[in-house]
Amino acid sequence: MRNSTLAPLVAATIAVTACHLDLTNPNAPTEKEVFGTREGIIALTVGLQARYAAGMMDFIFPGGLVTDELGATQAALASYKDVESGAPMVNTFDAVELPWRSHFRTVKTANDLLVHAPDLQVALGDSTLSGIIAISYLFKAMALGEMIQQYKEIPIDTYNDPAPAFVNRTTALTYVLALLDSAIIQFRAVPPGSEFNTTIRAGAPGVPGLDLRNTIFAMMARYQRIAGNPGAARDAADSVALAVISNMPFSDQAINPIHDLSNRSGYVKPVDSLRLQAESADARIAYLVKDTTIAGNAQPLDRFVQYASNGAAIPIYLRGEVMLIRAEALLDLADLPGARTAVNAVRTKCGGAADQPKACLPALADTLLDTDPEIRAEIYRQRRFELFATGLRWEDARRQGLVGVGSLAHRCWLLYPQSERNVNLNVPADPEPAASPAFPATCF
Amino acid sequence: MAPIRRFLASTLLWWCVPAVLAAQETGVVRGRVTHGVTGEPVADIRVIVEGTPLAAATTANGEYLLPAVPTGTRVVTARGVGYSPARQTVSVGAGETVTVDFTLRPAAISLSAVVVTGTAGPVETRALGNSITSLGSATLAASQATTVDAAMQGKLAGAQIIQNSGNPGGGGFSVRLRGTSSIISGSEPLYIVDGVIVDNSSAQLVDLGARSNLQNRLADLNPGDIERIEVIRGAAAAALYGSRANNGVVQIFTKRGRPGASRFTWQTKYSTGEAPRRLAMNLYPFDLAGNALQRFDYQHWIFQTGSLVDNSGSVEGGDDRSTYYLGGGWTDETGVIPKSGSTRKSGRLNLSQLVVPTLRLTFGANYVNTHNEFEPNGEQSNGVITALLFTPTNFSFFPVNGVYPKPATGAGFPNPLDVIENWTAPQDVGRFIGSARARWTPSARLAFEYTLGYDGYQMDVRQFIPRGSLPAEPTGRSVSVTRDSRIVNSDGLATYSVRPRASLELTTAAGFNYTWQSIQTTSAGATDLIPTSELVSAGAIPSAGQSLFELITLGFYAQQSVNFRDRLYFIGAVRGDASSTFGAKQRWQAYPKASVSYVVSDEPWFAKSVLGRRLSSLRLRAALGYAGNQPSAGLAYSVFDSYVKAVNSGHVGVVNSLTRGNPELRPERQRELEIGADIGARNDRLSIEATYYNKLVSDLLLFRPLATSEGYTQVFENIGEMSNKGIELAVRSINVEHPRLRWETTVTYSRNRNRIERLNVAPFTAGYANRLDVGEPVGFFFGRYYERDGSGAIRLDALGRPIASAGSKKLGDPNPAWIGSLLNEVQLGHNLRFRVLLDGSFGGDVLNFSRRILERFAAGREYERELLPFGNPDRLPTGYLTARFNIFEEYVEDGSFVKLREVSASYGLGADLARRLKAQSLEITLAGRNLYTWTDYTGYDPEMNLFGQLTVERGNDFATVPIPRTWMLGIRATY
């Protein structure tokens, strides 16, 4: 009798409780939820752009500190000061670790989307899916492209590989160009629809955000130029609609990382040589920086004007860069008059609503730009002022051979980070010692 | 199939045996048990008829009754805690009543305590192959401690019990049973109260010292309600608790009420506490340039004499069928730092009811409200003591026109007097612990037991920082955090025992255990506060957060015990255990154990043997077992690859967490072997309990770095092995046993060697200088040292300052070589009792981080030496202490100590006087805790730890509230 009351109770308890061990995480979506749902894939595509946006500083700061663009304040972490001064580099410095970690996290996110988004073709619809695929190719290409301007060799096939192999710069560059090709093909085959443009693509109403089409072509121009293909670079540059700007927007919830580290933390600021070495009438200076008096730094430092608020957007590329790529491509193709006109167009660019640097300088006389070296020198000079704090100056220093102690950049490459070396036996020897090499250093 | 059939056959055989026995004729055995020295009756003695399951316990007047003893020649044995067993042979005739009286000799050795922890069903200690310690309410009460952890200090071999700080409300404790058994999954034992698994976390929820442990939640229990505590220390004993038992188990039993007339107890205590030492401050009346200036020792302002009032009362009683215990307690404490304090109000009701002769229902309900006010301290710039260490002593913190000046130097410190006066950080815990248990015994051989337990609390914490008080938060900050913690456990157990032959008893048990735990934390905060208002709603810029963690553990176990001739015992058991925290494929784990216990001295030949002439008792035991450990609740979802919020202007997205999910996650697993002996000599008035153990924890959980090119930085993985080997000794001696004088001495000695055996990650440093490396003990000190010349003298630079080494080396070990205690208890006549407990730790080092800061930032007395006039032989070169700041070797000090942990004198008023006050008994106690510390350590106290309960970061002293020296006066009355 009594048995009949207790035994079922015990049995019921076991039965109810036994099959309950698979819990879900209420704090954060899991891989299954992100990859397996329409909402998850869309959120991941937004995350891809947010990830890249937060990592833009990891391309801009190390290159800026190694070259003459940026300097560390007295309050900055020792590692920033050491990268600026050219003291022996340590492979656990943030400046060494963060670009690697940040860019490869972007690559992983893009890979996740390329692998899993097509499974949801029906749920997403063709036009939305196409935008997701195209933007994934683009951001993977941008992340890897920025990596090859910081590390001599990189792994490109990293998806779910605990110890990926490294490839040389040529192979990596070919891969980046192929990714951009894929992005163009995808974009042309199925143009992204309104859902992609309004709810996924970076940018809020009234805020110019990412322009997918023009960014793909601008990046194609940038990396064809680095690859030494002037014809392809020119063609890509010609495909960019210069009137359109493509920005990564920020807000109080997602703070502009340059403003954050430079103004809010007060660690890294522009070196005053940009302002002092510019032509006096150059209108870009007042747009970019402002004189300031901060004592005790290794070099006299200015303040960012362009990035002075939480919500200041960072251009993904500048139309001035596209114009200068075109000028350089024409020069490489021996079209001197075309190149001259193109570089002067950058000098004289003035007015218009677009929130981008505008030199408003007079054109240089033909006599000052009638030889290849003269035009090339002017292109480099304009690249310095037009592309300030975009991270691109380090590559310019390398290709001009201006690397070594006391030169434009004091070293060729970052060391490979310790975090990768700890685990991945495929990491090659560091391309140069921790101490900065003597001038002229051989980078390639 | 054949073995199964045999098994079934034997099982059936057991079921048939009772019928055979029941058919026999019976008689009655009854009698009285008295104390061999005083002649007084002794209660709670177990009287058994050997070779049968028959047993009875003596009542308060020492009497027992065994109603149905099978006829024939029977051996009757009386055993009880604190007495040597006695045995008599009697002849029982059918329908006869035989009187068997016993006189029991007090004994230091006791193998007769009935325990339940780590075993399926109640069992006498003598049958267990593992060591188990049981602490009774008298021992706990004598400590005069306000928390359970403090009451256990110095009473257990193999237990390192450290008070991490001197904050009110207990101060936060770490308990290490047989060393450290984990790296990051916690090394605190599993706590069970009346069958309810209880939470003992130490989260503060707001920043009162980032990683400190100001109070752990065991402090919610009122020690006055506790009847006894059972402690098992490792896997060999704890296998039945499966994946939660690596660190041992502490099971607490509350008072259930005794049958008899209602008994009222009332107790009032008053105590005062003060910081035992002051740090030596720089009071040199000149600055570096020789100008006179005023200096302050702010310890006069930030310390006060704390006090504590503790009132508790209980009433208990009942009859054969029902018992009850109703207890209440109210403790109000002010700390040694002004405005810090702790209040605990608790009530408990325990009921036990025999519904029908075979079914007993037991209920327990405990409600506690704990309220604390803590001041920030430790490793953060808000700390009161912290600010003192960093600020030159010539700075005046006193308010000027109501404004508290802030030190110009340092990393944005607030003014500590302002912090004490104007900041608030109230913590409020409302907690309910309840249990319901049914025990159904359809026959003397068969028992079913089911327990449902619930432990739930809500902890509400606020912190208010006024405007303009903290440089980093110029507009003020208000934070409010609520933590909702619940644990439900549901346990069932069936036991069946049988004696197929008189010399053989077999007990089979099987059970299950289900635990569900959930922790939800919700926080709201705001900055830019309007004046005079403290709540979050006063702020203009709000923020919020929420987290929820759930864990489920399910286990099934079976145990077979064999008792051969009541002196040789075997136990074999296995638990199958699964936890939601682990990967589905790795989840189910088996934890077997086996033990043997042999009471050699019960052999008939023993008394005449060589050993028997020297020893009065001898038991040999050995146990081997496996247990597991789960990571903390915050890592409950580590099997998943999870995605975190990534905001892009206008859109909210997700991106992968840098920690990769690990679907292969499995519990840490410990294998423990223990071998021991319990020895009695001098007629059992001297006892020695000796145990050797060897523990190996494999599958240690830690974060392993990943190649960052994969898009992650780390994965939570099973990566290492750690061992603990040691010996434990507990010696008790009844030195004098006389009706007018009793003197008893207890000594414990524990030695543990911890070693990291394997680590699949590179060596790394945690905390400030605690390091993990293969071949070394967990958390050994590692850092820069003095450059020395060939003769070993410290090398100095051109300016006479010491030179720090470029590299680092091992500088010390926070784990003590051995710990021990010495307790003496003297009873003079009927009324007067004295008690002195010394508790010590030897060979452990402490990193005196406080001194390091004091010296470097000019606030410590040592800095006076840099201010002395040139030419003074004691003068240190300018910058000497700044150079020394980098040399950790200087600050690793010997942390060995002996503490006068407990000292007390109690006087029981004569029965006549008590009766005149209408009381049954009345006792006055004067006691002290932590009255004196013998140590070479130069800081406040070598016992504290900045990092609270953390496992690797041990032995760090940095701006932690010192443990007070306490004097207490108490009165206790029973009606």
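In chain B, 69% of the contacts between residues at least 6 apart in sequence join residues at least 24 apart; two residues are in contact if their C-beta atoms, placed from the backbone, lie within 7 Å. In chain A, residues 24 or more positions apart account for 72% of the contacts with a separation of 6 or more. This is a predicted model: local features need pLDDT of at least 70, side-chain atom pairs count only at pLDDT 80 or more, and totals for chains, interfaces and linings use all residues. Residues are numbered from 1 along each chain as its sequence is written, while chains are lettered from A and ligands numbered from 1 in the order in which they are written.

**Chain B overall**
- Chain B has 12 helices and 50 strands; helices (H or I, at least four residues) and strands (E, at least two) are DSSP runs, numbered from the N terminus.
- The radius of gyration of chain B is 30 Å, close to the 30 Å from the globule rule for 975 residues, so chain B is as compact as a globular protein of that length.
- That radius is taken over C-alpha atoms, and the globule rule is 2.2 Å times the number of residues to the power 0.38.
- Along the principal axes, the C-alpha atoms of chain B fill a box of roughly 105 × 70 × 65 Å.
- Of its 975 residues, 51% count as buried (20 or more other C-beta atoms within 10 Å of the residue's own; exposed means 12 or fewer, partly exposed in between; C-beta atoms are placed from the backbone).

**Helix α9 of chain B**
- Helix α9(B), residues 849–856, is mostly covered, with 7 of its 8 residues buried.
- The buried residues are B:F849, B:S850, B:R851, B:R852, B:I853, B:L854 and B:E855.
- They pack against α6 (384–390), β44 (845–848), α11 (880–884) and β49 (956–957) of chain B.
- B:A858 follows α9(B) and has a positive phi, near 70°.

**Chain A overall**
- Chain A has 20 helices and 6 strands.
- The C-alpha atoms of chain A fill a box of roughly 110 × 50 × 40 Å along the principal axes.
- Of the 444 residues of chain A, 52% count as buried.

**Helices of chain A**
- The axes of α8(A) (residues 126–147) and α9(A) (residues 169–189) come within 8 Å and cross at roughly 160°.
- That makes α8(A) roughly antiparallel to α9(A).
- Axes are lines fitted to C-alpha atoms, for helices over the stretch in contact, and angles run from 0 to 180 degrees between N-to-C directions.
- Angles under 35 degrees count as roughly parallel, over 145 as roughly antiparallel, 65 to 115 as roughly perpendicular and the rest as oblique.
- Residues making the contact include A:I133, A:Y137 and A:L144 of α8(A), and A:Y175, A:L179 and A:F187 of α9(A).

**Where chain A touches chain B**
- Chain A gives 58 residues to the contact and chain B gives 46 residues.
- On the chain A side, the elements giving two or more residues are α1 (3–18), α2 (31–36), α3 (38–54), α6 (94–116) and α20 (418–423).
- Helix α3(A) gives the most, with 9 residues.
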